[in-house]
Amino acid sequence: MATLRVPCVLSRRLAVAADVQLGLTGRGLCAEPRIQPGPRPSQQSQIKQNRQKQICLPALKHFDEKYHQELGELWDKAREVLLNPSSWQYAVLLNRFCPSELLEKHLQSQKYYNFLQIALPFLQHSLRCYISRTQCRYPKQRHQNERLKQYYLLNAASLLPVLALGIQDGECVLDMCAAPGGKSVAILQCSTPGHLLCNEPDNLRYKWLQQTLDSFVPEDVKRSIISVTQRDGRYFGSHLPEMYDKVLVDAPCSNDRSWLFSSDLFQTCTRIAHRPKLPTLQRQLLRSGVNALRPGGSLVYSTCTLSHAENDDVVSSLLNSCDNIQAVDLTELSCALSHDFTFAKGIQHGLLIVPERSKTWGPLYVSKLCKLH
Ligand SMILES: C[S@@+](CC[C@H](N)C(=O)[O-])C[C@H]1O[C@@H](n2cnc3c(N)ncnc32)[C@H](O)[C@@H]1O
């Protein structure tokens with residue numbers, strides 16, 4: 001029997017109390033949880049303390065200046081959430097390749113609900129993602145060789161690019177900036193592409209991506225429909241033009257959540273100094289994605305930053321220079337999801353999810369583009 005511990009942010013003592021013990025299912029492929037009671041209420045405040053992270057003040061000052069100007073009062077709400085990691089919510093995306101009724105029952109008993117079943121009922125049989133209104137965090141599952149994981153923990157907002165992409169079975173798909181692989185996993189939960197190319201140039205993150213795929217996707221599926229490459233995303237547009245039905249450019253960006261808690265001051269100052277250069281790379285990746293798209297195909301551009309310069313401005317610059325690309329209206333999707341996500345107003349070419357109290361998902365920007373000819 002294998003033992004899986006709750007995340008390292010919890011103290012060792014409390015982690016023992018919340019252990020999840022794993023046994024093997026009949027087929028011996030999936031890890032089936034036998035879940036013991038979590039920490040007692042008196043232990044909850046201790047957990048919260050252990051989750052305290054150090055705020056990086058130069059990053060906060062920089063964000064305050066920029067985002068107050070761009071978002072006004074909405075920044076105050078987002079700021080409150082971003083500075084309080086114990087309020088962050090985590091969604092549990094189930095792995096359809098390793099189904100478990102027991103796990104779903106346990107989630108329901110913990111007051112988790114399948115939010116997409118309610119918001120987008122036509123998707124209920126594919127993308128099953130559980131969220132809870134409370135600030136609980138389901139334990140992570142550790143990677144174990146040759147065993148599939150049953151679920152992936154993620155920020156529920158990061159499903160939006162995959163939902164917007166609307167991949168049909170059999171389509172040829174490029175996930176251009178794929179590591180650590182959350183969106184590749186989500187793509188495979190709601191569709192069976194004819195071919196899915198997952199790309200990541202960074203060496204360490206490439207390995208992380210491979211491990212994610214190993215953990216969530218059966219060998220035969222990987223062999224038959226997935227390839228993993230380690231290229232600069234700018235390669236695809238010039239070398240594989242008009243190859244893909246769907247392209248996801250989940251671009252490298254100034255990740256607001258992680259920048260705020262970086263403990264490396266030098267790294268933060270370097271990041272802030274180099275921040276104005278990011279849109280150039282983002283524009284190049286977006287253009288490469290568009291070139292790799294076949295006529296009639298569609299592309300989703302997404303980031304996990306609130307920055308206007310890295311979001312709408314990047315899409316604007318493409319739209320201004322290409323007459324065969326059109327932004328797709330995502331209002332229907334935002335209306336369907338407005339119960340669970342807060343969307344900023346006035347976004348020109350897409351949607352921006354802004355975290356606020358009790359709906360702490362995001363930041364996430366998404367724009368969908370269609371190639372007309
Ligand atoms: C926001 S993360 C992607 C997250 C991923 N899509 C997921 O859902 O797990 C952006 C990724 O882009 C990668 N990246 C950086 N420069 C790139 C480039 N020139 N071409 C392609 N990917 C790049 C980064 O290493 C990083 O892993």
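I'll start with the core. The largest nonpolar core has 91 residues, and those with the most contacts inside it are Val92, Cys129, Val247, Val249, Tyr301 and Ile353. A nonpolar core here is a set of buried Ala, Val, Leu, Ile, Met, Phe, Trp, Tyr and Cys residues joined through C-beta atoms within 7 Å. Buried means 20 or more other C-beta atoms within 10 Å of a residue's own, exposed means 12 or fewer, and partly exposed is in between, with C-beta atoms placed from the backbone.

Some ground rules. This is a predicted model, where local features need pLDDT of at least 70, side-chain atom pairs count only at pLDDT 80 or more, and totals for chains, interfaces and linings use all residues. Residues are numbered from 1 along each chain as its sequence is written.

Back to Val247. Setting aside residues up to four places away in sequence, Val247 touches Leu174, Met176, Gly289, Ala292, Leu293 and Leu299. Contact means that the C-beta atoms, placed from the backbone, lie within 7 Å.

Next, the record. An unreviewed UniProt entry lists positions under "binding site", including Gly181 and Asp232. UniProt positions are in the numbering used here, feature names are shortened, and annotations may be inferred rather than shown by experiment.

Where is Gly181? Gly181 is in the loop between strand S8 (172-175) and helix H8 (182-190). Helices (H or I, at least four residues) and strands (E, at least two) are DSSP runs, numbered from the N terminus. Is Gly181 buried or exposed? Gly181 is buried, because 26 other C-beta atoms lie within 10 Å. Beyond its neighbours within four places in sequence, Gly181 contacts Cys198, Leu209, Thr212 and Leu213.

Asp232 sits in the loop between strand S10 (226-229) and helix H11 (234-239). Asp232 counts as partly exposed, because it has 13 C-beta neighbours inside 10 Å.

Now a sheet. Four strands form an open sheet in the order S5-S6-S4-S7, with antiparallel pairing. Strands pair if DSSP finds at least two bridges between them. Strand S5 (112-114) and strand S7 (151-154) are at the edges with a single partner strand each, so one side of each has no neighbour in the sheet. S5 pairs with strand S6 (residues 129-132) over three bridges, in the antiparallel sense. Asn114 stands opposite Tyr130 in S6.

Last, helix H4 (residues 73-82). Its buried residues are Trp75, Ala78, Arg79, Val81 and Leu82. Down the axis of H4, these residues fall within an arc of 160°, so they line one face of the helix. The arc is that of the directions from the helix axis to the C-beta atoms. Helix H3 (57-71) and helix H12 (256-260) are among what covers the buried residues of H4.

Notes. Two residues are in contact if their C-beta atoms, placed from the backbone, lie within 7 Å.
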